[in-house]
Amino acid sequence: MTDSQLIMEIKQGNVELYSELMRRYQRKIMAFVYHMLKSSSMELMAEDICSETFYKAFRSLHSFREVDASFSTWLYTIARNTVLSELRKQRGANLPLEESGIIPIAPPEVAPEQAILRNEKVSMVREAINNLPEKQRSALILREYDQLDYQEIADILGQSVSSVKSLLFRARSSVKLQLEPYFAEQVFEGIEWMTGR
């Protein structure tokens, strides 16, 4: 069944079919919410906010109109608004990194030094993304992590496609600028080591 068919059935009283819609989108919405919360060290709340998103969507499903947006776009919009609402409520209350519960684990076939370097690079990229303004961060996450097209991102963020392209350009430029000193330093250290200085 397509999303549209499921929604039509749910609206006609077959509410048990909503679990199928949840199954289709839960991982994507969870990942999006997690990345949105990461900048405020609130990722432990991702599961609760994901559940709240699906609850809100279920309660409002009767008002959903496919002519306005696809179900996935509508769901991402609810998720984004729920995250922003929670961030406003929790402003200033950050969890220390030690309590985040996130421990990077390297696959066993990777040498410990390589795993540390890779985890360090991943952490730096995430930190750079987390430092972006909210709209740039949202656009970048939706594009790079969730692989949404420009029109879907525009619908979720309430922007034009050209604004989304501009947000993505600024986001990528900012991330590159933030990471340049680190990677330039690594190249320089590598050259020093090779020349024996």
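Start with the largest nonpolar core of this predicted model. Select Leu21, Ile29, Val33, Leu37, Leu61, Phe71 and Leu142: of the 46 residues in this core, these touch the most other members. Next, colour the helices that build the core. At least two core residues come from each of α1 (3–11), α2 (18–38), α3 (46–60), α4 (71–90), α5 (112–130), α6 (134–145), α7 (150–157) and α8 (161–195). The largest share, 9 residues, is supplied by α4.

Leaving aside residues up to four places away in sequence, Val33 touches Ala46, Ile49, Ala79 and Val83.

Hide everything except α2 and α4. Two packed helices are described by the angle between their axes and the distance between the axes. For α2 and α4, the angle is about 35° and the axes are 10 Å apart. The crossing of α2 past α4 is right-handed. Show side chains at the contact: from α2, select Leu21, Tyr25, Lys28, Ile29, Phe32, Val33, Met36 and Leu37. From α4, select Phe71, Ser72, Leu75, Tyr76, Ala79, Arg80, Val83, Leu84 and Leu87. Coloured by type, the residues of this contact are 14 nonpolar, 1 polar and 2 charged.

Finally, show the whole chain again. What does its secondary structure come to? There are 8 helices and 0 strands, in the order α-α-α-α-α-α-α-α along the sequence. Of the 197 residues, 34% are buried. Among contacts between residues at least 6 apart in sequence, 63% join residues at least 24 apart.

Note on methods. Residues are numbered from 1 along each chain as its sequence is written. This is a predicted model: local features need pLDDT of at least 70, side-chain atom pairs count only at pLDDT 80 or more; totals for chains, interfaces and linings use all residues. Side-chain values use heavy atoms; hydrogens and water are left out. A nonpolar core is a set of buried Ala, Val, Leu, Ile, Met, Phe, Trp, Tyr and Cys residues joined through side-chain atoms within 4.5 Å. Buried means under 20% relative accessible area, exposed over 50%, partly exposed in between (1.4 Å probe, protein chains only). Helices (H or I, at least four residues) and strands (E, at least two) are DSSP runs, numbered from the N terminus. Contact means heavy atoms within 4.5 Å. Axes are lines fitted to C-alpha atoms, for helices over the stretch in contact, and angles run from 0 to 180 degrees between N-to-C directions. A crossing is left-handed if the near helix is turned anticlockwise from the far one by less than a right angle, and right-handed if clockwise. Ala, Val, Leu, Ile, Met, Phe, Trp, Tyr, Cys and Pro count as nonpolar, Asp, Glu, Lys and Arg as charged, and the others, Gly among them, as polar.
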